Amino acid sequence: MRKAGELSEREFREVSLNSDLLPLVFRLGAPLAFYSLFNAFFQLLDTMMASHVSSVALSSVSYLSQIQNLILSLGLGLVAGAAVVMSRSFGEGDFEGVRKSFGNLMVLLFSVMLILLVMVPFVPFFLSLLGTPEVFIREGASYFQVLILSTVLNLFNNAYISVERIRGRTRRIMVLNFLVMAIKLSLTWFFVYILESTIVMIAVSTLISHLFLSVVALIFFRNAGSLFSLRVSSMKPERKTTGNILSLSFPLMFEKSAFSLGKTIVNSIISAFDPISVGALGVSTGISGLVTLMQSGFSDASTALISQNDGDGRSDRVVKCYFSVLILTLTVSLLGTVILFLFSRPLIRIFAMGRDGYDAAFENLILQVFRYDLFSCFPLAFNISAFSLIIGKGRTKTAFFISFCRVYLFRIPLLKYLLAYTSLGNEAVGIVMVVSNTLTAVLSSSIALSIVVRERRSHE
């Protein structure tokens with residue numbers, strides 16, 4: 001159903017291909033950016049509630065969440081690749097191609113969801129296989145089983161969100177996700193502070209909140225008048241359509257999973273040095289994420305616009321879209337870094353308050369990491385903007401290469417060296433974050449600028 005004031009799918013295509021790009025990226029990206037800000041804030045509150053259980057519980061949640069992200073990334077890579085295919089067809093005006101691509105995406109996605117459901121009974125073995133510390137398995141195996149169920153719903157929900165992004169319905173995305181987060185936060189608060197439950201109930205609150213959005217998505221996908229309705233006729237696998245999706249999706253699946261696996265390896269290295277440092281890094285990343293996730297909101301909107309304009313052969317608009325998102329992400333970085341710098345100390349102190357009282361050592365540990373992590377916001381603005389251009393152009397293998405370098409070349413070797421051969425201790429974790437993010441920004445921006453040069457030449 002279309003609300004009053006919302007453009008139809010065909011009307012939005014005209015806007016995407018002809019409107020001024022900086023205002024358009026801002027208009028479409030602002031709701032996603034504010035949603036991302038709320039999401040990061042609520043994740044911080046969720047982390048705070050986990051820390052209220054215990055510091056071990058917080059570290060378990062931080063560690064296992066990275067493994068969940070590793071699994072989730074496979075499905076998200078599939079959705080992201082399909083979104084590029086659908087956006088290109090949408091920009092070309094090939095609406096039948098949009099329907100076929102969407103139908104084939106859902107067939108592939110349902111297959112991934114089924115595999116995840118089969119995994120649930122074998123979670124302890126799976127965690128052990130990944131080298132998860134025994135203390136985290138004891139604390140979080142049941143928690144992780146519920147997370148797998150949440151991941152199944154999350155994949156379905158992300159397909160819906162991706163569709164709404166292609167249609168320019170970013171305000172709807174913001175409102176629905178705000179409701180999801182409100183449900184999640186309310187239930188987590190009730191389970192942790194009122195019932196004093198374990199971290200398993202934190203995962204249950206996540207499951208219930210994702211279920212709400214899944215119901216909304218099902219209602220939308222039944223709309224026969226939309227290009228993206230679930231039709232039996234369009235859900236018949238076609239070799240060409242499926243091949244197009246997988247050719248773009250596989251590099252993104254490997255990119256996202258390799259990046260998440262790399263973060264899991266980083267957490268393993270840190271946990272071997274000091275298990276509580278995993279929780280400190282999780283808190284630091286969550287706070288700096290208030291800025292970086294807002295940047296991603298503008299990037300997500302511009303990626304769809306770049307694919308649509310690229311599909312219609314508008315190379316000049318592709319370049320303008322890249323610079324538009326770069327301007328917006330750098331602005332967010334400047335404002336966000338100043339605000340977080342001013343309020344970081346009282347914000348971090350909240351996470352040092354648990355059921356056993358104030359933990360000054362844990363607060364100082366977080367500060368050691370955060371003072372470096374905060375200044376990653378500027379290089380990440382360049383990296384996030386570059387990725388919107390690279391993925392929007394369908395260069396998913398390049399995206400995989402950049403993410404691989406970020407973790408396995410720029411981050412893990414340096415972390416191992418600093419922990420083994422210097423006396424920096426936990427401070428090494430923060431140094432590694434800012435160095436790896438800066439080097440990645442240099443690499444991704446260089447590639448993005450080479451694409452800009454080629455696009456300008458093709459326009460001439």
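This briefing covers aromatic ring pairs in the structure above. The structure is a predicted model, in which local features need pLDDT of at least 70 and side-chain atom pairs count only at pLDDT 80 or more, while totals for chains, interfaces and linings use all residues. Residues are numbered from 1 along each chain as its sequence is written, and side-chain values use heavy atoms, with hydrogens and water left out.

**Aromatic pairs overall**

- Rings of Phe, Tyr and Trp (its six-membered ring) count as a pair if their centres lie within 6.5 Å; planes under 30 degrees apart are stacked, over 60 edge-to-face, and the rest tilted.
- The count by this rule is 15 aromatic pairs.

**Phe-110 and Phe-156**

- The planes of Phe-110 and Phe-156 are at 20 degrees and the ring centres 6.3 Å apart, so this pair is stacked.
- This pair links distant parts of the chain, 46 residues apart: Phe-110 is in helix α4 (residues 95-119) and Phe-156 in helix α6 (residues 134-166).
- Helices are DSSP runs of H or I with at least four residues, numbered from the N terminus.
- Phe-156 is buried, at 7% relative accessibility, whereas Phe-110 is partly exposed at 34%.
- Buried means under 20% relative accessible area, exposed over 50%, and partly exposed in between (1.4 Å probe, protein chains only).

**Phe-400 and Phe-404**

- Phe-400 and Phe-404 make a tilted pair, with 45 degrees between the planes and 6.0 Å centre to centre.
- Both residues lie in helix α14 (residues 396-409), 4 residues apart, or about one turn of the helix.
- Phe-400 is partly exposed, with a relative accessible area of 29%, and Phe-404 is partly exposed at 38%.

**Aromatic cluster**

- One aromatic cluster is formed by Phe-102, Phe-110, Phe-156, Tyr-160, Phe-220, Phe-221 and Phe-228.

Conventions: Helix = DSSP H or I, 4+ residues; strand = E, 2+ residues; numbered from the N terminus.
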